[in-house]
Amino acid sequence: MSENSSINVGPPIPPLSTGTVGSSSSNAIPSAATEVSVDSSATSAVLDDIEKVISISLRTDLYFNSGIRDFAVGFIQNLTGLSEKWAYRFQSIVDELCNNAIEHGSADGDSISVSFAFTTTYVKVWVEDNGSGADSITATDLSKRLEELRVQNADPTQNFALRGRGIVKIIESWTDEFTYEDRPEGGLKVTALKHLANAHSEDVELNAVEGVTFG
Amino acid sequence: MASPIEITISDKVVPTGRMVKIVRFSGLFDESNADDKSVVIYDLINTLVPGAILIFDFSELSYMNSKAIGYLTDWYLKVTNDKQGMLVLTQLQSGIIDILDTVGTLQVMTHFVSMDDAVAYASQ
């Protein structure tokens with residue numbers, strides 16, 4: 001990471017309600033490493049299910065995206081037990097989220113936050129911008145735009161548009177939950193979650209149909 | 001600074017005597033370079049004669065994002081509609097197959113496992 005980026009390992013961010021548009025959130029962009037306190041009487045099963053979070057603050061420079069993609073691949077492969085296919089899919093998911101945050105969210109020279117979290121049952125990534133960008137949008141704006149894009153992308157044989165595939169075709173196809181909400185400080189928090197069981201099931205189905213393994 | 005990508009264009013004479021353009025993409029085709037590098041292909045398309053055949057070799061292309069895919073579909077439209085030509089893909093890495101299949105591009109564009117298969121198709 002360059003001097004303009006930092007990796008912060010912070011406390012688990014409380015899970016938010018899903019499917020909420022325009023709701024406010026009290027989760028600030030993680031800014032400093034803090035200690036994680038654990039109840040010593042908790043069972044190992046509970047400890048295993050605590051959401052482990054890694055947050056990275058990035059300057060709004062597309063050049064850093066390749067590094068974040070590489071990080072996503074390593075994170076998924078090494079920490080979640082998911083297949084190589086899902087590691088590569090998550091590099092695309094993270095890339096699309098970051099590109100949108102940089103293009104529509106935070107101004108040049110400002111920053112976005114990229115966070116990765118996992119438990120024994122799911123993996124989650126989210127990106128936060130601060131709304132300083134000239135083209136920043138609200139959760140309501142995004143909702144309307146996504147509806148338009150879903151129509152545009154309904155028939156890929158008729159869709160030759162240059163843009164509009166990142167969320168409605170890539171992220172929504174490869175994740176189980178996609179949510180977005182306005183941040184009280186400004187900007188958006190956009191989250192994509194995949195249940196590990198679903199990912200494993202899809203791998204089994206694909207291998208049964210095609211008789212090949214990914215890679 | 002942008003992610004590294006190289007686009008090389010060469011000519012190949014197929015068994016029927018026709019000339020095809022082999023366009024090899026090497027590296028990462030993403031948000032940082034897609035706008036600038038797309039000009040290379042648009043300039044190529046502008047020089048094509050009607051009925052031209054392009055084979056895109058993706059053997060060394062390890063990443064495409066949605067913007068790059070958008071350009072790919074636009075090039076396909078221009079080659080097939082504006083130039084009444086053909087554009088096929090070959091030697092796609094598994095991650096590229098996965099993303100192009102997911103967005104539906106492979107419902108429109110033909111792809112081949114090997115360059116020989118693509119050349120044979122272009123030779124028909």
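Because the model is predicted, local features need pLDDT of at least 70 and side-chain atom pairs count only at pLDDT 80 or more, while totals for chains, interfaces and linings use all residues. Residues are numbered from 1 along each chain as its sequence is written, chains are lettered from A and ligands numbered from 1 in the order in which they are written, and side-chain values use heavy atoms, with hydrogens and water left out.

## The two chains

Helices (H or I, at least four residues) and strands (E, at least two) are DSSP runs numbered from the N terminus. In chain A there are six helices and six strands, and from the N terminus on they follow the order β-α-β-α-α-β-β-α-α-β-β-α. Chain B has four helices and five strands, arranged from its N terminus as β-β-α-β-α-β-α-β-α. The radius of gyration of chain B, taken over C-alpha atoms, is 14 Å, close to the 14 Å that the globule rule (2.2 Å times the number of residues to the power 0.38) gives for 124 residues, so chain B is as compact as a globular protein of that length. Along its principal axes, the C-alpha trace of chain B spans about 40 × 30 × 25 Å.

The table sets out some totals for each chain. Buried means under 20% relative accessible area, exposed over 50%, and partly exposed in between (1.4 Å probe, protein chains only); accessible areas come from the Shrake-Rupley method with a 1.4 Å probe, and for residues only the protein chains shown count as cover.

Contact means heavy atoms within 4.5 Å. Among contacts between residues at least 6 apart in sequence, 71% in chain A join residues at least 24 apart, and in chain B the share is 68%.

## The nonpolar cores

In soluble globular proteins, nonpolar side chains tend to be buried together. A nonpolar core is here a set of buried Ala, Val, Leu, Ile, Met, Phe, Trp, Tyr and Cys residues joined through side-chain atoms within 4.5 Å. The largest such core has 75 residues, and those with the most contacts inside it include B:Phe56, B:Trp75 and B:Leu100. Its largest share, nine residues, comes from helix 3 (residues 84–104) of chain A. Apart from this core lies another, of 11 residues, among them B:Val20, B:Val88, B:Phe112 and B:Ala118.

Leaving aside neighbours within four places in sequence, B:Phe56 is in contact with residues including B:Val23, B:Phe25, B:Ile41, B:Leu72 and B:Trp75.

B:Leu100 has its place in helix 3 (residues 94–103) of chain B and is buried, with a relative accessible area of 0%. Not counting residues up to four places away in sequence, B:Leu100 touches B:Met64, B:Ile69, B:Leu72, B:Leu89, B:Leu92, B:Thr105 and B:Leu106. The C-alpha atoms of B:Leu100 and B:Ala68, which are 32 residues apart along the chain, are separated by 11 Å.

B:Asp74 lies in helix 2 (residues 66–82) of chain B and is buried, with a relative accessible area of 10%. With neighbours within four places in sequence left aside, B:Asp74 is in contact with A:Leu162 and B:Tyr42.
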